[in-house]
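Work through the following exercises with the model open beside the text.

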Amino acid sequence: MSETVIAGPALSLVPKTDAKLRAKDFKTDQEVRWCPGCGDYAILAGVQSFLPELGVAPENIVFISGIGCSSRFPYYMNTYGMHSIHGRAPAIATGLSVSRPDLSVWVVTGDGDSLSIGGNHLIHALRRNVNLKILLFNNQIYGLTKGQYSPTSEIGKITKSTPVGSLDHPFNPVSLALGAEATFVARTIDSDRKHLTDVLRAAAEHEGTALVEIYQNCNIFNDNAFEVLKNGDTRDDALIRLVHGEPIRFGANGDRGVVRDSGGRLVIADVAEVGEEALVVHDAHLPNPVTAFELSRLADPDTLIGTPIGVFRSVRRPSYDRLVREQMARAAEDGSGDLAELLAGNATWQVP
């Protein structure tokens with residue numbers, strides 16, 4: 001099926017409210033309990049401040065989580081929610097989204113929860129294009145279980161479970177999502193409220209699965225893992241802010257950019273040397289995910305220089321939920337969905 005089929009808005013079947021909503025309408029009376037300084041606080045505040053924009057009442061929104069520090073999220077959201085099973089949040093959310101199109105369904109997960117025990121559930125939700133918004137908090141460590149290496153920890157990582165260094169090659173969540181043919185893939189940072197909000201807004205408007213990787217600091221077990229991307233003295237020279245339709249350039253003075261070399265590969269170059277006309281223009285709507293995948297592999301794994309954030313890919317394909325509803329409607333109309341006939345059809349027999 002083509003990736004350019006036009007589909008309806010993600011919230012088309014979710015009822016809107018005329019009530020004026022504010023951030024406090026999405027806050028519960030529960031004490032927020034993460035370690036002081038944890039990046040989860042910033043993400044929680046960003047989500048609670050953003051949700052009023054949707055115009056959807058709290059009772060029509062659901063947050064489902066798995067297991068991990070990030071998975072405490074539903075306790076702090078004055079919406080419906082479920083703190084579910086380790087790695088299984090996408091599976092539970094799939095059932096809810098398909099059966100209740102009147103709800104806006106969000107999944108909150110971490111790099112351990114989603115990419116280890118939950119890896120299979122994640123990739124199948126992505127390929128099916130279920131109408132879910134998946135927020136993947138990536139701190140490159142297991143925080144809840146006290147500092148073991150995770151599927152996104154770098155090679156050589158010294159942790160309690162790898163005292164002489166991890167030997168595992170890490171996952172790149174954005175690359176993984178693009179490889180699973182996800183229709184919306186983005187990355188943002190916990191401490192950048194404006195960018196986080198812009199990405200959440202784009203994800204909410206997308207029909208189908210929207211995966212947002214959020215670089216999140218664990219100041220107890222993996223402090224400053226993304227400091228070069230946050231520090232005011234270094235971030236401009238490290239971060240690439242992807243904007244659809246604009247040339248890909250970065251640096252404090254915009255003096256570096258992304259071009260294709262003689263072999264057709266994306267590389268970083270000095271704009272003064274290659275000329276502005278050589279810069280690659282970011283197109284998040286390309287049907288083929290190859291360029292987005294190349295961008296996801298651009299950063300130097302040791303220094304993080306050249307790390308893209310923003311929307312890598314956003315293409316339109318009917319959501320799984322929509323296709324299920326249409327199939328059920330056709331079956332009801334032509335009689336092919338008779339359950340009793342199916343159970344007692346030609347493929348059954350009686351045992352005397």
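Helices (H or I, at least four residues) and strands (E, at least two) are DSSP runs, numbered from the N terminus. The model is a predicted one, in which local features need pLDDT of at least 70 and side-chain atom pairs count only at pLDDT 80 or more, while totals for chains, interfaces and linings use all residues. Residues are numbered from 1 along each chain as its sequence is written, and side-chain values use heavy atoms, with hydrogens and water left out.

**Exercise 1.** Locate leucine 343 and decide whether it is buried or exposed.

*Solution.* Begin with the helix: leucine 343 belongs to H13, residues 339-343. Next apply the cut-offs, where buried means under 20% relative accessible area, exposed over 50%, and partly exposed in between (1.4 Å probe, protein chains only). Leucine 343 has a relative accessibility of 60% and therefore counts as exposed.

**Exercise 2.** Determine which residues of helix H3 are buried, and what they pack against.

*Solution.* In H3, which spans residues 89-99, the buried residues are Ala89, Pro90, Ala93, Thr94 and Ser97. Viewed down the axis of H3, these residues fall within an arc of 130 degrees, so they line one face of the helix; the arc is that of the directions from the helix axis to the C-beta atoms. With contact taken as heavy atoms within 4.5 Å, the buried residues of H3 pack against strands S1 (61-65) and S3 (104-110) and against helices H5 (119-128) and H12 (320-334).

**Exercise 3.** Examine the salt bridges of arginine 201 and glutamate 213, and state where the partners lie.

*Solution.* A salt bridge requires a side-chain nitrogen of Lys or Arg within 4 Å of a carboxyl oxygen of Asp or Glu, and by this rule the count comes to 14. In one of them, arginine 201 is joined to glutamate 53, with the closest N and O atoms 2.8 Å apart. This pair links distant parts of the chain, 148 residues apart, since arginine 201 is in helix H7 (residues 193-205) and glutamate 53 is in the loop between helix H1 (40-50) and S1. Arginine 201 is partly exposed at 27% relative accessible area, and glutamate 53 is partly exposed at 45%. Glutamate 213 forms a salt bridge with arginine 187, where the closest N and O atoms are 2.8 Å apart. Glutamate 213 lies in strand S6 (residues 210-215) and arginine 187 in strand S5 (residues 184-189), so the pair ties together parts 26 residues apart in sequence. Both glutamate 213 and arginine 187 are buried.
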